[in-house]
Each structure stands twice: as C-alpha cells, then as structure tokens.
Amino acid sequence: MNTSDANKSRLKTALMPRILSGATLLLACLTAVPALAHTAATCVEPISICHSGPGLSLIVGGRAARVITDDSDWPGVLRAAEGLRGDLAAVAGSAAGSAAGSATTVDGDAVIIGTIGRNATIDRLIAEGRLDVSTVDGVWEGFVQQVVADPLPGVPYALVIAGADKRGAIFGAYDISERIGVSPWRWWADVPVAVQPDLVIAAGRRTDAPVVRYRGIFLNDEAPALSGWARATFGGFNHQFYERVFDLILRLKGNYLWPAMWGDAFNADDPLNPLRADEIGVVMGTSHHEPMNRAHQEWSRQGGGAWDWRTNRQGLSEFWRGGMERATRTENIITIGMRGDGDEAMTEGTAISLLEDIVANQRRIIAETTGRPPEQTPQIWALYKEVQDYYDQGMKTPEDVTLLFADDNWGNIRRLPTPGAPRSGGYGVYYHFDYVGGPRNYKWVNTNQIERTWEQMRLAHQAGAHQLWIVNVGDLKPMEAPIDFFLDQAWDPEAMTVERMDSWASDWATAQFGSVEGPAIGELIETYTRYNSRRKPELITAATYSQIHDREAERVVADWAALADRADAIRSRLRADQDDAFVELAWFPIQASANLTRLHVATGRQRLHAAQGRTQAASEAASEVRRLFDRDRELTAAYHALAGGKWRHMMDQTHISYTTWQQPERDVLPNLATVTSSGNGLGVAVEGADTSWSGGATTTALPALDRYGAQSRWIEVFDRGATPNSYEAAADKPWIRLSAAQGAAGATTRIEVSADWTQAPAGTSDAQVTITGSDGSRVLVPVQIENRGGAIPGAFVEADGHVTIDAAAASRMISSDGTAWEVVPGLGRFGSGVTTRSSQAVSLTPGGDGPRLEYDIQLWEAGNIAVQVQLSPTLDFRGGAGLRYAVSIDDMPPQIVTIALDPGAPAALAAWERAVGDNIVLPTSRHSVESAGLHRVKIWLVDSGLVFQRVVVATRPLPRTYLGPQPHSQSARPSS
C-alpha cells in the first residue's frame, strides 16, 4: 500500500481533514448552501493541504444524504451503514435518508457503502475504471473513500466507501461518522453530537488500512463494577450488553475481544453472544488461561474432574473438543496451551514436555473439528507470567502460532521478539490498564499515562510485535481515553509519532467537547493521569507523602486542589448536554482522586499531630478525614446518578484501606490515632522533625536555609490542650526574618523563617529563634544559613545538599552510533522523560564519543557524592540480566549501573514490587570529586529502552520523601 504516515494517522478532531494517497477528502462546515448543491469547498485548516473544486453535500439545510447499500453484503456492513445513517441524522438534526439494494431513483447526492465483491454498484464502478481500489484490494481491513460522479441514475455525486473485506467497509463507514462529529463514545460516555446543518466533502480519494492485524480489549477483573452494572442494565453479560461493546470496538477501529470471564462464560451464558459477534464483525478470543474457545467457568460448572493433563487427559480433550466444535461457526482466534486451575501456574517449575504434549493434542483437535490443517486456524500462545519461562527455556511452538508476549501487569513489557526471528504466526502483546494481584490491585479509576503506553508499545512495534495487541481494560469505564489511544496507536504505530502522541489528548478531548474547551480538558486528563501514575490510589497510605520534609504532602495536595479547581471552572462553562460526558471523562476521576489523596494526607497529619500532643489539631484532622470519607461516597453516588442513573454500580469498586494486595470487602475509614492531652501549655514543632517540644527545650535545628535552595523553613506553635496560649517569636540575628512575631497559638500557627540575603554574612552562619509562650515557656530553635556566592552561570548549583535536574533539562544531549535522544513530553512523574529514538535495540560500550546526556553542575566542596538516576521501571525485554546505563563525572571512567527488575525471579521480586508500586526505579552510583567548582555529570547510553526522568546528585544523606528532592532554579541565579 502506498499510503503516507498522514494516511495512517486517525485524527480525533471532528471535521479535521487528512492528506491521503496524494488527495484530500475534506469535511467542512458550510453555511447558506443550496440543497444538495455541488459547491466549491474551502479549507482553512493549517495542518492540511486542501483543494477547491466540486463538492458533495453530506448534509445541507438539515437534510442528510442517503446511504445506499446492497442487500447481499455482509450483515455487519449493513449494520454499520445503518449506524452511519443514524449518525448523519444526529448531526443533521433530522432523519437520514435510506435506500437499500441497487436503487436507481435516489434524488441528490448519496453515500454508497459496501464490500468489494458483494456490492453490485461498487463492483460496476471498479469495472468501469471509475473507482480505484488498486491500493486496498486484498488488503486486510483496508478501505477506500472516493467521490464519484454519476454513480447511479439520479445521483450526481456519491461518496463511495469500499472495503476490501467486511471490516474494511465497516471501518470506512465509521471513519466518516467520527469525522463528522459523532464520537465513538456517544453511548459509552454520553458524548453529545453537535448539530451541523451543512456539511460538504470535497472531491478526492483516500485509503486506509491497519498495521496491527488484531487490535482488541479484554474485559477482566470486572466485579463488582462492570458485572453489577451489566446485571442492572441488561440482565447480565448477554448479547444486548455485548452488542454495545462490539459497536464501540468497531467504531474505535478495533476488531478483537476477550470477554468478561470472572463468573461468566461468553459462549454458554447466551448462545447469541458469539453469533452476534460474528454477525457484527468482531473476532472473539478467550483469555490467556482459557484454551480452545472455552471459558474457565464452563469447566467449573460441568464438574469435569481435575484440571490436570496427567490425570485427566480424556476429560480435558473432550472439553476442548466441544469448544472447538462451537468455534467452527464463527470467527475466532484460538488460545492454546494450558495454565493451572484458577489462573495459576500449571506445575512447580516448568514441564516443557508436558506442555508440548498438550499443544500437540490441541492442534489435533483443531484439525479434526475444522477439517483443515491447524495452521489455517489463527492461534495464540500467551506467554503470561510463568508461561514465559517455557519460552525462555526453549519450548518450541509451531511457526503459525502467534506468540503473545505480556507486560508485568503494571504496564512494563517483559519480553519482546528476538531480532531476526520472524515467524509466520507473528508476535503480539498483552498489556494492562487494570489488574488484580500483587503488589496491589488497581481497578478503581484510570491511572494510565498514554505516554507510557505509547513508549512501551512503540518498543513492541519496533521489535516486530504487530500481529495482535490486546489490553486488559477492567470494567471498560473509566478507561475511555487510554482504550481509545491504545487502539489508535495499534491502527498505525508509525503514524503515532511523539508529536502526534503529545497532541493526542488535546485532539481527543476536542473531538468530544469542541475546540473551545477541548484543549483545556485534554490537559486535565493528561495531568490527572500523571498525578495518579505517581502512585496508584490503592497504594497510597497515610505514610506515602512526607508531612515534615520538603512540604511534600502539602505540595501534592495543592497540585490536586488546583487541578480540581480547574475542572470545576471548566464544568461551569460547558453546555448542560456536555455535563455527563465531562463528569465521566474528567471531572469525576479528578475530584475523586484529589479527595482520596487529601483523605490519606489528612490521616497522616492526624496521626502526626496526635503523636506530637496537638490535641486540637489532631481532633480537627480527624474530623477532616471523616468528612473526606463521606465525600468519597457522595462522589460515587453522583457518578451513579449521571445520565438518569445509567451508570449505577459502575463505581462500586472499593479503594480505601487496603491491608493486603487484595481489595477490601468495603471501603473502611482509615484508623485514626487516639488523642490524649499532654497538658495545657504551648507546644512547638519544626520542619524536618516528627516530635514536638515545650517548656525550656531546644529543638533540633531547622533544615538549613540556602541562597540557591530553600528560601523558607517553618516553625509551628500550638496549644497542647484546651487552654489558649499566645506566643512571641524573636530571632537573635537581624538578617533572620519571621513571618509572624506574635499571636495566638490555636490549633496550629505556622511561622515562616527566611533570610535577608543582602544583609546576611557570607558563608555558613548560625542563628536562633526563641519562642516564648504565655505559659512562661521558652523554646529555642537553632537556624543555619548557607550564603555562598560565585555561582557559575548556566550551571545547576548545589543547594540543600543536592543538585536535582529533570532529565530533559540536560546541558547537552549527545547522539552518536546511529542513536538519537528523544524527549517524550508528559512521560513520568515530572513532566517529561528522555529515551532513545531507534528502530532497533542497541547495546553500547560507554565512553569516548558515545551517546550521553551531560549536566553541568556546581559543587561547593570536594568529596564523595551519590548520583541517583530516576528511571521508569522498564524490564529487560531482551531476556538478559537487566538494562544498563553508565555514569561518570568529568573524565573519570564510566560506572555501569544495571536495572534488574524481574517479577518472575524470586530474588528480584521485592525490587520489582517496590519499583512498580512507586512507578519509578532509583539506582545510585557513588563517585569522588577532587575539587569544588564546575563538574560535568555524564549519563551514558548502554542499553536502549530506558526512560530517564530525573538526575539527583547528593553531597550528603537526604531526608526520605516519596517524590524525592525537588529541583532548584535551573540557572545559577539565586532566588529572590
């Protein structure tokens, strides 16, 4: 196919034209167009090449063009055509025209939809040389859209949509639906359709076809939310439910589904389920541990004996034969192999000969039931969890079987194909947006950064894994955005460039909400998923964010509060008919995640204040925790009331007070500390300490004030009991500033301590703040400042014992050996990540002119330093001992550092659990510098595939915080 990258990129903005095959099919809103007139179309969209010329009127004056089909076409194509009719009607604000068969009396312009070889009109136009299908004929799921003059008597112009096969025609139809402004999420997320009374397509032609052959989703871990909703809405996971799912998949240009399976059996529970899938056009499969078109629930229900090939070979063979006999009637991909009963390992260790015998028997059954050689039936072997060990240890499978690699259930791909090892069945990837298992379930709201999905699936595509992509989406909602992105990237991975990915959320939100608020809503979605990916909500506890160091808990709460305020502001500006969609896609996950974070932070504060004897403050924090717990239930109830109660039960997933990896049976108020009075005097607490002081004590010293770092430190005074106290605060040096010199203590009063750098002496100086209470107490707080001068312009300056630099802010990015560095906006905790842009995995020896990131830093003293490089938790997808990078200072030899994370290796399990729970890995190398002044930190590329997020150079041990030390000013200019 001679299609360009632009041809492959499915733009999400309604009415956005694309350049395809050297011509343009332009959708543009026009005003005052005579009914079904052929006008010159004008385009002002700057990112497209547009042509003026004869135009076809899709909608004019609120009247929609007719949609013409052929009764002999596939049922799924006829259904998609009917869907397009309805979509045109919705956009036009009136009923769409209709015509069936090869009608010849249609008035005005029309849309003709059909499959090559099954539509007489399309076949005639091809034979007459008026419809060019040369680039799509025989191409899997390919389609052409072309404006043709006088295709039928009484039809001046028609938009002809011709599919190379049935799904090609379906995708061609739904492609028009989406680009005229009908979102694939119209039903599933209540996205309204904007009425456009006039819509024109300029003369032209375009073609498209997918790169990844099978592209789908897996409804899994679907209790209690999706299962409860499906029962309440449809009576269960029946064909009425699945028809909605099938329609969504096809509108997203997917073609494949693993159905819900926890307590359900797709084929057995409703015999119409597989028939509807085949009729509508969706390929069905079964999950990684359900071989031979059989749901595991079927085995549990029929009581077939032990799920053990060694002791029950006959029973299993009969069971699988029944599944295959059923599969011959519909389009399926057959899962082969075997795992243990209940999604567990089959044996201790690996039993390769046993599994090879199982596969050989399954292949015989496939051949016998289909009457064809087994290689003519699509099959997959899912290398999930322990099954990958069989592959790693050399088990061979027939070449026609697709090897389905998997991630670690946390979005990090475990293994990819070996370069130069093609196979006729190809390779695929099973990915996760939702998971039940260790180190903890994550099922509640969307926590998936599309940037990470893009980066990992790009690796998969570059390695040649493009036969099948499937993603576990849990309950489907609220994973709308990442599902759409995953299937969009799967359609053409090459077209999903870093630039396209960076604009995707904005484009997608614009398609749902319009160009006025869409970009801002896209930013909301990108931001909340970044915040949620820092640590999944189910993993956050009262101890996650530090209450005493770097104001971390306060900063995190402030981040969420600002985002929630922005969501409220946008919601107030949207039309009433957009409210349900906005709440589902952005407002609820933001508000609910912000509320849960505040709840855990408030719990941590309550426990700290109780331990410090802050009676009133601890009591107030306890009240806040209870209020936030109630607010969580209120938000859930509000979601369930959306769209007239349409989504009742969809947010039933528990998420508060996990104690193990498994979800709690119900949300439980976090444990709160008992508050006991420690007297009625004045108490004092200081930044960096979890204790408190009273009477005539001297506290620990405040963390130092640094001219190039922290400009303020805090002291808090409080009433330890019910009796009110006042305080006076005074510094013994004139260059120490206090935000408040006196006042009432109350529950908590914070005093900010800062320095006047213009008056402070140079170098290191000590001072002291005295807190005098109305109870007669005096508490002394030591203060230290660092007022150093002579910073080097352009260098990252040491302050507070560290230099912290975002990886993307490198002083220099040096590419060589055919490998270039690439900044990925939005990837990781901090805003952007840095990885390598290469079509092949590389392993290099660090040094010389090799590719590296360089950071110019200024250190104030010679001595030992630690260099912590913060990276995304990428696994060694090559099957080696870990991915490597190297670090050197100045011209010293590079030290190689290995990232060895492997969920399948018992010795590495704890490190892997920590890495995926934190969603970052923090390796450290140690170095010595012989002088103060300017130094160059070099991060060398050794193995490709790593994502660098931040570099921390520490000159002394740093306090523990979850997000680590924050960058200072990126220049040598001191803070004011």
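I began with Pro224, which is found in the loop between strand 13 (214-218) and helix 5 (225-234). The model I am reading is a predicted one. I checked the peptide bond from Ala223 to Pro224, and it is cis, with omega near 10°. Asp221 is not a glycine, yet it has a positive phi of about 55°.

Pro478 lies in the loop between strand 20 (468-472) and helix 14 (480-491).

I read its order as 15-14-13-20-19-18-17-16. These eight strands form an open sheet, and the pairing is parallel. Which strands sit at the edges? I found strand 15 (283-284) and strand 16 (334-336), each pairing on one side only. I followed strand 16 to its partner. Three bridges join strand 16 to strand 17 (residues 379-382), and the two run parallel.

Next I turned to an open sheet of four strands, in the order 21-23-27-25. Here the pairing is antiparallel. I noted strand 21 (682-686) and strand 25 (736-738) as the edge strands, each with pairing on one side only. Neighbouring strands of this sheet are turned by 25° against each other on average, direction ignored. Ala685 has Glu716 of strand 23 as its bridge partner.

I reminded myself what pairing involves: strands of a sheet pair through backbone hydrogen bonds, either parallel or antiparallel.

**Strands 24, 28 and 29**

I looked at strand 28 (residues 763-773) from both of its listed partners. Strand 24 (residues 726-731) is joined to strand 28 by five bridges, and they run antiparallel. In that pairing Glu728 has Thr772 of strand 28 as its bridge partner. Strand 29 (residues 778-787) also runs antiparallel to strand 28, with ten bridges joining them. Ser765 stands opposite Ile785 in strand 29. How many residues lie between the strands in the hairpin of strand 28 and strand 29? I found four. Gly776, in this hairpin, takes a positive phi near 90°.

**Two helices in contact**

I moved on to helix 2 (residues 75-92) and helix 4 (residues 166-179). Their axes come within 9 Å and cross at roughly 5°. Angles under 35 degrees count as roughly parallel, so helix 2 is roughly parallel to helix 4. I listed the residues that make the contact. Helix 2 brings Gly76, Val77, Arg79, Ala80, Leu84 and Asp87. Helix 4 brings Lys166, Ala169, Ile170, Ala173, Tyr174, Ile176 and Ser177. By class, I have eight nonpolar, two polar and three charged residues in this contact.

Last, I looked for empty space. Rolling a probe the size of a water molecule over the atoms shows where such space is left. The count comes to nine cavities of 30 Å³ or more. The largest cavity holds about 280 Å³ of space. It is lined by 23 residues, and those closest to its centre are Trp410, Thr447, Arg452, Lys536 and Asn919. Strand 19 (427-432), helix 13 (450-462) and helix 21 each give two or more residues to this lining. I sorted the lining of the largest cavity by class: six nonpolar, 13 polar and four charged residues.

I finished with the second largest pocket, where about 720 Å³ of space lies. It has 34 lining residues. Nearest its centre lie Gln868, Gln870, Leu922, Pro923 and Thr924. Two or more lining residues come from each of strand 36 (863-871), strand 38 (895-899), helix 21 (909-918), strand 39 (924-929) and strand 41 (948-954). Which element gives the largest share of the lining of the second largest pocket? I found that strand 36 does, with six residues. By class, the lining of this pocket divides into 20 nonpolar, eight polar and six charged residues.

Key:
Residues numbered from 1 in each chain as written. Predicted model: local features only at pLDDT ≥ 70, side-chain atom pairs only at ≥ 80, totals over all residues. Heavy atoms only, no water. Pairing = 2+ DSSP bridges. Axes fitted to C-alpha atoms, helices over the stretch in contact; angles between N-to-C directions. 1 Å grid on protein atoms, 1.4 Å probe; cavity = no way out; pocket = protein on both sides within 12 Å on 5 of 7 lines; lining within 4 Å. Points joined across faces, edges and corners; volume = space filled by probe spheres on them. Nonpolar A, V, L, I, M, F, W, Y, C, P; charged D, E, K, R; others polar. Parallel < 35°, antiparallel > 145°, perpendicular 65-115°, else oblique. Contact = heavy atoms within 4.5 Å.
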